[in-house]
Amino acid sequence: MTKYIPYAGITHAGGRYVDSHYRALSDDWIVDTFAPQTPANVTAAGRVEHVESVELIRGVGPFAAGRLKPLADLEAGWAGSTVTRNVRAVFQHDDASVWRRIERSSLIEFQWSEMFALAELTRARLPERFMVGVAHDVITQRWERAAAAARVPASYAYRLAARRSRDRERRSLASLDVVVAFSEKDAALARALAPTTATEIVLPGLGPEEGAPERSPDPKEPIVLFTGALNRPDNHNGVEWFIQRVWPAVLGAAPSARLVVAGAHPPASLERTVTRAPRASLTGFVASLEPYYAQASVFVAPLFTGAGVKFKTIDAMLRGVPVVATPVGAEGIDGADLLVGETEDADEFAGAVLRALGREGDLRAREARAWAEVHYGTAAFERRLRDLYSRFPQNR
C-alpha cells in the first residue's frame, strides 16, 4: 500500500525512497502495489519498475478517482491525517477484487503514515497477517511544529490537527507488527505513540543518478542551492526566511553569488519574493536535479517545520556539496556535525554560508560525503533492508 506510485526520476524524495525500496526487495519478493487513483498515480503507473502489478484504487463517493482534491484533503486532515475517504471506504466494505489480492499476500506493507490508517481496517479482516509500516515521518510532529511556528488563529487549527493526528497515528501504529523508521528520532516518536509495536531503523539509501555529472562549481559566481517541492509550506516558508533574513548578508560579503531555488509548484508569494530578491531565481519543474547539485557551491536547508529525515540534506552530502542547515533541516542525521553550520540564527546562518564558500566548505564536504556513503549509500541500504525483511514471518 503506497501513497504514491514510484518510478525512476520521480521528483519528490518520498517517491524516490519507495522506488529504491521496491528495487531492493524485488530480487526476493514479488511486489504488488496498491495506491489511490489520482492523476499523478495514473501517469506513474505506466512508468513503474521493480513491481509485478499496480492496482489503482478509485474508491467510492464524491472524492473517487481524486476528484474534489481540496475537499478530500480537508476531510482526510479532519479524520487524523489519513488517506482520503474514498479509499478508506473500499477497505471498510467487502470489495472482493481488492481483498482477494490482499489475502494472497505473504506480507502487507504500508508506505507513509496516511496509508497506515488502512492497517486498522486490514487488521480487523486479517488478524493474523504480518503487517509492516514504513514511516517516512510522524505526521503528529509535523502538525505540532506547524502550530508552534504559526500565529493565532492558524496555530489553533494546527493544534487541533495534531490532536486528531495523534489519536489516529496511535491506533494505526498499534495495528502494525513492525514500524520501519529512518532515524532513531522517528523510531522514538513511534514508540511513544505505540509502545507495543516493534520498531526497526533502516537508514534510507540515496545517491546520485546514473550518469550524473561531476561537480563543477564556478568560484567566480558561486551558487547557493535549495531544492524541494515548493508547494509544501515547510519548504517555501524556509526559502522565504532565507531570502528575507539571510540572503542580504550573504550578498553583502559575496556580491557575485547567486541563489537558485529548484523545485516545482511555488506559491505566488514565493514567486514575488524571489523576483524582488537580487541575484535569485526559481527553476520551476526540472527533470533532474543532478546538474544543479553539480554546479552548487553550497546547499542550504533552512527548514523550521516538518518531520522526518530530510533527504535533500543527505542528497547534498552524498554529492559532495557543503551544507548549511537549521536543526530541523539536519534532523535525524547523526553526522550533522559534518555540516558547515547548523543554526536558526539568521546572522550565524549567513556566516556559515560564507564559510562554506571557502576552504572550510571543501573540507567538510569531503568528510560528509565519505560519512554519508557509509551510512546512506545504496548498497548498504539494500543489504539492511533485505536482511530485515528476510526475518519477517510470512503469511502467518
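Visitor: Hello! Where is W112 found in this structure?

Guide: Welcome! W112 is found in the loop between β3 (108-111) and α6 (113-125). Do keep in mind as we go that this is a predicted model.

Visitor: Is W112 buried or exposed?

Guide: W112 counts as buried, because its relative accessibility is 8% and the cut-off for buried is under 20%. There is a backbone feature to notice here too: phi of W112 is near 80°, a positive value in a residue other than glycine.

Visitor: Let's turn to helices. By what are two packed helices described?

Guide: They are described by the angle between their axes and the distance between the axes. The crossing in which α6 passes α8 is left-handed.

Visitor: Which residues of α6 and α8 meet?

Guide: From α6 come S113, E114, F116, A117, A119, E120 and R123, and they meet R168, E169, R171, S172, L173 and S175 of α8. Sorted by type, the residues of this contact are four nonpolar, three polar and six charged.

Visitor: How do α10 and α11 cross?

Guide: Helix α10 (residues 233-253) and helix α11 (residues 268-276) cross at roughly 20°, and their axes come within 10 Å. They are therefore roughly parallel to each other. Their crossing is left-handed. On the α10 side you can pick out H236, V239, E240, I243 and Q244, which meet S269, L270, T273 and V274 in α11. This contact divides into four nonpolar, four polar and one charged residue.

Visitor: Where could I look for a right-handed crossing?

Guide: Look at α1 and α16, where α1 passes α16 in a right-handed crossing. Helix α1 (residues 13-25) and helix α16 (residues 378-390) pack at about 60°, and their axes are 9 Å apart. Y17, S20, H21, R23, A24 and L25 of α1 make the contact with F381, E382, L385, R386 and Y389 of α16. Here the division is six nonpolar, two polar and three charged.

Visitor: How many residues of α4 are buried?

Guide: Six of the eight residues of helix α4 (residues 85-92) are buried, so the helix is mostly covered. The buried ones are N86, V87, R88, A89, V90 and F91. They pack against β1 (32-36), β2, α3, α5 (96-103) and α6.

Visitor: What tends to happen to nonpolar side chains?

Guide: In soluble globular proteins, nonpolar side chains tend to be buried together. In this model, the largest nonpolar core has 48 residues, and those with the most contacts inside it include Y17, L385 and Y389, along with F299, M317 and F392. Apart from that core lies another, of 31 residues, among them L230, V250, A277 and A280.

Visitor: How can I read a buried loop residue, such as V340?

Guide: Begin with its place: V340 lies in the loop between β11 (323-325) and β12 (341-342). V340 is buried, because its relative accessible area is 4%, under the 20% cut-off. Then look at its partners. Leaving aside neighbours within four places in sequence, V340 is in contact with P322, V323, V324, A352, R355, A356, E360, G361 and R364. V340 and D362 are 22 residues apart in sequence, while their C-alpha atoms are 9.6 Å apart in space.

Visitor: May we finish with V48? Which residues does V48 touch?

Guide: Not counting residues up to four places away in sequence, V48 touches I5, P6, Y7 and V54. V48 is found in the loop between α2 (39-45) and β2. V48 is buried too, with a relative accessible area of 19%. From V48 to Y7 there are 41 residues in sequence, but 4.6 Å in space, C-alpha to C-alpha.

Note on methods: Residues are numbered from 1 along each chain as its sequence is written. This is a predicted model: local features need pLDDT of at least 70, side-chain atom pairs count only at pLDDT 80 or more; totals for chains, interfaces and linings use all residues. Side-chain values use heavy atoms; hydrogens and water are left out. Axes are lines fitted to C-alpha atoms, for helices over the stretch in contact, and angles run from 0 to 180 degrees between N-to-C directions. Helices (H or I, at least four residues) and strands (E, at least two) are DSSP runs, numbered from the N terminus. A crossing is left-handed if the near helix is turned anticlockwise from the far one by less than a right angle, and right-handed if clockwise. Contact means heavy atoms within 4.5 Å. Ala, Val, Leu, Ile, Met, Phe, Trp, Tyr, Cys and Pro count as nonpolar, Asp, Glu, Lys and Arg as charged, and the others, Gly among them, as polar. Buried means under 20% relative accessible area, exposed over 50%, partly exposed in between (1.4 Å probe, protein chains only). A nonpolar core is a set of buried Ala, Val, Leu, Ile, Met, Phe, Trp, Tyr and Cys residues joined through side-chain atoms within 4.5 Å. Angles under 35 degrees count as roughly parallel, over 145 as roughly antiparallel, 65 to 115 as roughly perpendicular and the rest as oblique.
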